Amino acid sequence: MRNDNKGTWNPGDIIYNYGDPPAYAYLIVTGTVEFYSSQNIKLGDAGPSEVFGEISCYLNRSHSVTAKAKTHVVAKKIEKNELSKIIQ
């Protein structure tokens, strides 16, 4: 995996915030990501081989949750325009 298409986050790092415009969908390689509502209520989490952020990218709408690294996370970043090609 090229460095320019992967992201790494430490525990507690914010990957994106509620209301941010989407730039990427993410495929988790290692680690766990937690999702929080705008009221900071934990909604769930995702782990290796799971994708997140794809709905905002596909619909071109601001993120409806905050994504935060629970553990050290490595994820493949899928650009919004590339995601559209895959889905269609």
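I take buried to mean under 20% relative accessible area, exposed over 50%, and partly exposed in between, using a 1.4 Å probe and protein chains only. The model is predicted, so I keep local features to pLDDT of at least 70 and side-chain atom pairs to pLDDT 80 or more, while totals for chains, interfaces and linings use all residues. Residues are numbered from 1 along each chain as its sequence is written, and side-chain values use heavy atoms, without hydrogens and water.

**Aromatic pairs**

I looked up Trp9 and Tyr26 to begin with, and both are buried. For Tyr26 I noted a relative accessible area of 7%.

Next I searched the whole structure for aromatic pairs and got 6. Rings of Phe, Tyr and Trp (its six-membered ring) pair if their centres lie within 6.5 Å; planes under 30 degrees apart are stacked, over 60 edge-to-face, and the rest tilted. Trp9 and Tyr26 are edge-to-face, because their planes stand at 80°, with ring centres 5.8 Å apart. Trp9 belongs to strand β1 and Tyr26 to strand β3 (residues 24–30), so this pair ties together parts 17 residues apart in sequence. Strands here are DSSP runs of E, at least two residues, numbered from the N terminus.

Tyr24 and Tyr26 make a tilted pair, with centres 6.2 Å apart and planes at 55°. I also found one aromatic cluster formed by Trp9, Tyr16, Tyr24, Tyr26, Phe35 and Phe52.

**Around Tyr24**

Is Tyr24 buried or partly exposed? Tyr24 counts as partly exposed, because its relative accessibility is 25%. The charged end of Lys77 sits over the Tyr24 ring, 4.7 Å from its centre; the test is NZ of Lys or CZ of Arg within 6 Å of the ring centre and within 35 degrees of the ring normal.

Definitions and conventions: Helix = DSSP H or I, 4+ residues; strand = E, 2+ residues; numbered from the N terminus.
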